[in-house]
Amino acid sequence: MVRIRQFEERCVELYSGGEVRGFVHLCIGEEAVSAGVLGALGPEDAVVTTYREHGHALARGIPAESVFAEMLGRVTGCSRGRGGSMHLFDVSRRFYGGHGIVAGGLPVAAGLALADRMRGQEHVTCCLFGDGALAEGEFHETANLAALWDLPLLLACENNLYAMGTALNREHAQTDLAARAASYGLVAWGVDGMDVLAVERAVARAARAIRDGAGPVFLELRTYRFRAHSMYDPDRYRDKAEVERWKERDPIQVLSTRMRAEDGLDDKAIAEVEKEVSEELDTALDHARQGGTEPVEDLLRFVYSPAEGSS
Amino acid sequence: MTGVGARQAGSMSYREAMREAMREALAADDRVFLMGEDVGRYGGAFGVSLGLVEEFGPERVRDTPLSESGFVGAGIGAAIAGLRPIVEVMTVNFSLLALDQILNNAATLLHMSGGQVAVPLVIRMTTGAGRQLAAQHSHSLEAFYAHIPGIRVLAPATVADARWMLAPALADPDPVIVFEHGSLYNGTDSTADEPGPVDLGSAVVRRPGADLSLITYGGSLGKALTAAEQLAAQDEVDAEVVDLRSLRPLDDATVIGSVRRTHRAVIVDEGWRTGGLSAEVAARITEQAFYDLDAPVERVCGAEVPVPYAAQLEQAALPQVPDIVAAALRAVG
Ligand SMILES: Cc1ncc(C[n+]2csc(CCOP(=O)(O)OP(=O)(O)O)c2C)c(N)n1
């Protein structure tokens, strides 16, 4: 979580300095979801996610250098600089994006799960998406397919209470998201998304149930983003006091408070972790900056697969 | 006039012009309402509707959930029932979720019902690349919509067109789609003082010239004008610049008239080349003015690739001024 937090703080600097461009969506405040969900999945499980995915990518094990390089548009980035912040991919880690169309990843995740099922693999496909995605037909269609075909699919809804500037109760008639998912026949429950251990436990339990053949599961991970929707967002639509209230449940604080009480964690140990992470990210960023850029002559690569002929 | 409208027209940005057009429409006709994702409290994803919810209230400046097919379809229903909805879809990329409603309902109901069900709906959306937003936020899919009979497709390229196209679009009894290139919003230009509603079906000559016709629209107009100035200064080539303005219907008379005068045509389109608008315009020129041509029709289009994030690749994927100049020189050469 500390790593994700510091990574994102660097992103702010890189964006302000003009080194990173485009739309950048930070997950500061939502680190417990990244660390908890990805921490509970195995390397064979597949992951599909959204444009707010730096945390998911790092927690999946994609090196920080590779993510930085992607955001800097370098050929050494995990999507060769063609995707940027919103489209991180690493198929070697079964990390299938990085989707920019809200809810667009959901049916794709159902297909990954279907393929595993058809091949008799015991893997889980985990699809991460926001509360806003539940308003799209794609959610309805995927939930129905998953339940109908009994797919090994974990629908992990990162409910941060806002879809851009639209609050949950102004986008959904039924704001109990788990209840809605249950109406499709999915096993569904809500989880404190600010508590990384609670998230990890819930995902581990869900994944076990899915592997045991209990069918698809929907988890509502209740969390909050401390920053604006994207670097472009002036954040006019919510009360500053509300943000401050949620910051009292900062997931890093929640965990460190518990570890102080239960494991004797002290300030010195915390400072050491922070320093270690900071040094790691310094090196990662340095290396990322040294990465080359894709030559313009290669613009038309990856439109078709090499084996299929050229464009 | 209030707010932005009280300002000197000449200092108005494209964004403000579009906002002023909506304010005027909302004030003039209580059948008009605006709906879309984050158009209200947030002020519009690109800030176009900023302040309108305070002025007209959340009934008439209506935030919708992330449900493009749902709220575009609801716009169709409200239009049929006698209202005059302006539906904002954040970008053309996301409009594909509503393409079924636009094509199978909005564009089709009048014909299918034997003339009974007209759909007086206006849909606004951004389009285009240039801001390093990568493939899913950068495409120019105007040609997809220009393909569909039953709708009108507009591409205001100037501040004046942003200001004055909306009223006639709302007065049109049929569905109209307005494409706003994302890179235009902050811009101001010399057209800002041009007064009054525009004739929706007509293209305009933005720069007269004798040697060739640069035919373009939307976000590429500025590049074509710059290319024309360079051609005049460096190569003594006098290029006429035609702004299509309406992508459906296409104004054949203006385009063909220009080509008949200049005998050469270069079409500039940020969209893809294959099956795109440039192909349609080129085909019409060969159909109607083949014997007037002194050179093959040239096209400068977006590269046939999903738009990449990295700056140098994105710029290489888009039509640029030197590409236009080079195509023009080939045509006159
Ligand atoms: C189909 C579609 N419509 C609109 C958008 C613009 N948009 C991007 S993110 C977003 C809000 C999504 O909110 P939510 O699903 O709750 O996820 P969060 O950003 O809160 O993580 C919107 C409206 C989009 N990317 N795709």
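Between chain A and chain B, the count of salt bridges (a side-chain nitrogen of Lys or Arg within 4 Å of a carboxyl oxygen of Asp or Glu) is one. The model is a predicted one, in which local features need pLDDT of at least 70 and side-chain atom pairs count only at pLDDT 80 or more, while totals for chains, interfaces and linings use all residues. Residues are numbered from 1 along each chain as its sequence is written, chains are lettered from A and ligands numbered from 1 in the order in which they are written, and side-chain values use heavy atoms, with hydrogens and water left out.

The partners in this salt bridge are B:Asp63 and A:Arg170, whose closest N and O atoms are 3.2 Å apart. Over all chains, the structure holds 38 salt bridges. The pair that crosses between chains runs from B:Asp63 in strand β2 (residues 61–63) of chain B to A:Arg170 in helix α7 of chain A; helices (H or I, at least four residues) and strands (E, at least two) are DSSP runs, numbered from the N terminus. Polar contacts are pairs of N or O atoms within 3.5 Å; within protein, one atom must be able to donate a hydrogen and the other to accept it, and residues adjacent in sequence count only if both atoms are side-chain atoms. Across the interface of chain A and chain B, 13 residue pairs are in polar contact, both residues being at pLDDT 80 or more. On the side of chain A that touches chain B, α4 (64–71) and α7 (168–171) each supply at least two residues.

Turning to the extent of the interface, 40 residues from chain A and 31 residues from chain B take part in the contact, defined by heavy atoms within 4.5 Å. The two chains bury about 3,100 Å² between them, 62% of it on carbon and sulfur atoms; buried area is the accessible area (1.4 Å probe) that two parts lose on being put together, summed over both. In chain A, the most area is lost to chain B by A:Ile101, A:Met164 and A:Leu299, together 19% of what that side buries.

The ligand, too, lies between chains A and B, judged by residues with a heavy atom within 4 Å. Of the 22 residues around the ligand, A:Tyr51, A:Arg52, A:Gly100, A:Gly132 and B:Glu68 come nearest. A polar side-chain atom of A:Arg52 lies 2.7 Å from a ligand oxygen atom, and a side-chain N or O atom of A:Tyr51 is 2.8 Å from an oxygen atom of the ligand.
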